[in-house]
Each structure stands twice: as C-alpha cells, then as structure tokens.
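Take a look at this protein before reading on.

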Amino acid sequence: VKLLVNALGPPPPDVVQQAHDHGVLVAALVGAPDQARKQREAGVDIIVAQGTEAGGHTGDVATMVLTPQCVEAVAPAPVLAAGGIATGRQMAAALALGADGVWTGSVWLTVKEADTNPAVVERLLAAGSRDTVRSRSMTGKPARQLRSPWTEAWEAPDSPGTLPMPLQYMLIAEAQTRMHRYADGPAGQLVPAPVGQVVGMMRGRPSVRDVIYGMVEEYVATVSGLAASLPETAEAN
Ligand SMILES: Cc1cc2nc3c(=O)[nH]c(=O)nc-3n(C[C@H](O)[C@H](O)[C@H](O)COP(=O)(O)O)c2cc1C
C-alpha cells in the first residue's frame, strides 16, 4: 500500500500516524476549502478537491470553482482535482486550475475489466449527464448516482425520508443485496448506481489501457495546442 485515501471527514490521528510510520501517504477527499485546511491540520498529505459532478458522496460546488479554492487554501501541499474528469482535455483543464494531478472514479465503471453488475453497465451506457441525482437514499449522506425508481421513491411526497448515516445503509442493505441478486430482472433498474455527470461521455467498453493511453495522448495534444495558440511575443516573454 502506497496511499491511504479517506473521505467524509478527517481521519483519526492514530490512523494518520500509523500510515506515516509505515511510509504510507494519506490523502483525503474534500468539497470545500475549509475542509481542505482541516484535513491538512489532521496531518493529511494530499488533498483531493472533489466537485459536485463526481460520482458517490459529493458536495455542491463544481470542480471548476472548488479546485483553485483548495489549491490556494493548502498551498504548497499537493492537490488532485476530482469530479467530471474522464478525458485528456478535462485533465488539462484540471491542471490549468492549479491541480497537481487528477483523481477519477466513474470512468472505470464501464471498462472491460470492471466487475460492475451487467444491468448497471447497461444503464450507465444509456445514461446522459442529466440522468444523475444527489440522493441520500443509499447512505443517508448525499451521493451522486443514476436517477431510478428507487431514488425517485425516496424523494416522493409519501416517502418517510431518509435516516442519518450509518442508519440508512443499515436499513436498505438487505434490500440492496436482493436487488443485486435479481438484477437480471426488473430489479436491475433499482440497483443503486453511483456515478458522476461524466457518465454522459462514457460510451462503449474500452480497456483500462485504452482509457489511460487515450487520456495521456489527448492531454499532450491539448496542452501542445494551447501552447501553439500563444502569440509569439508572449512566448518570447
Ligand atoms: C461507484 C463509486 C464508488 C465510490 N466510492 C467511494 C468511496 O467509497 N470512498 C471515497 O472516498 N470515494 C468514493 N467515490 C468517489 C471517487 O473516489 C472519486 O472522487 C469520484 O468518482 C471522482 O469523480 P468522477 O466520478 O466524476 O470521476 C466513489 C465513486 C464511484 C463512482
């Protein structure tokens, strides 16, 4: 293990200490610059600024706005940008915002190597960027996922409302296991599918290798194109 990454609040000091004692770096996901500062105070080495468009638990500020705020809040500590990054152009944009690198999630759900439930893969490949919703229905905290009859039912006027973390997941865990088990039938529509808005760009079933090389090649082409677009006088300066 080279890196221990946590989310939903600073890690306990003894965990950070143990990781550091073993030469393991610690990173943390944040959705606001004050959270980034708190993580640094707790001894976290790398901040992951995760915008609202990300899949899974996420805040409400977009990557484009959040990343430079976090970079400024914790400089010179390294910051990775997350949320909505699946291509080389998006990676170049993140580095332009001051990030030292990027952190990705959604893009891996539909690669050939992924063990994502086939019923979920089908729904992901058919989804557009407006088909996700931040819903508390899975864990009690807002997590971006595909909108489904399940998320809609939890938002309906006759819904009893969700329970706070960790009770909501304890409440639905058994039902969720059954949804997974019978996912090749109608229950497949209900299986919670955490994914970000970038789902609208995820098409086909590339390999991990294709995704990595595609990102790197597009990143290099994008940055070279931007450099070439500078006026000569600016370049000379
Ligand atoms: C299916 C799925 C599960 C995730 N689970 C976790 C998790 O358990 N812990 C965590 O810190 N982040 C989790 N994330 C968030 C990712 O670490 C990452 O920040 C996010 O996916 C980046 O945005 P993107 O989805 O637009 O690439 C999850 C994301 C997805 C899509």
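What follows is a short walk from the overall build to the packed cores.

This is a predicted model. Start with the parts list. The protein has nine helices and eight strands.

Next, the outline. Its C-alpha atoms fill a box of roughly 65 × 45 × 35 Å along the principal axes. A compact globule of 237 residues would have a radius of gyration near 18 Å, and the protein has 20 Å, so the two agree.

Now the surface. The protein exposes about 12900 Å². Carbon and sulfur atoms supply 58% of that area. There are 18 positive and 23 negative charges, and their mean positions lie 5 Å apart.

Of the 237 residues, 41% are buried. How does the chain meet itself? Take the contacts between residues at least 6 apart in sequence: 56% of them join residues at least 24 apart.

Which residues have the most contacts inside the largest nonpolar core? They are Leu124, Leu146, Val195 and Val199, in a core of 26 residues. Five helices each supply at least two residues of this core: α4 (88-96), α5 (118-126), α6 (149-155), α7 (167-181) and α8 (208-228). Of these, α5 gives the most, with three residues.

Setting aside neighbours within four places in sequence, Val199 is in contact with Leu124, Ala127, Gly128 and Thr132.

Conventions. Residues are numbered from 1 along each chain as its sequence is written. This is a predicted model: local features need pLDDT of at least 70, side-chain atom pairs count only at pLDDT 80 or more; totals for chains, interfaces and linings use all residues. Side-chain values use heavy atoms; hydrogens and water are left out. Helices (H or I, at least four residues) and strands (E, at least two) are DSSP runs, numbered from the N terminus. The radius of gyration is taken over C-alpha atoms; the globule rule is 2.2 Å times the number of residues to the power 0.38. Buried means under 20% relative accessible area, exposed over 50%, partly exposed in between (1.4 Å probe, protein chains only). Contact means heavy atoms within 4.5 Å. Accessible areas come from the Shrake-Rupley method with a 1.4 Å probe; for residues, only the protein chains shown count as cover. Lys and Arg count as positive and Asp and Glu as negative; His and the chain ends are not counted. The place of a charge is taken as NZ of Lys, CZ of Arg, CG of Asp or CD of Glu. A nonpolar core is a set of buried Ala, Val, Leu, Ile, Met, Phe, Trp, Tyr and Cys residues joined through side-chain atoms within 4.5 Å.
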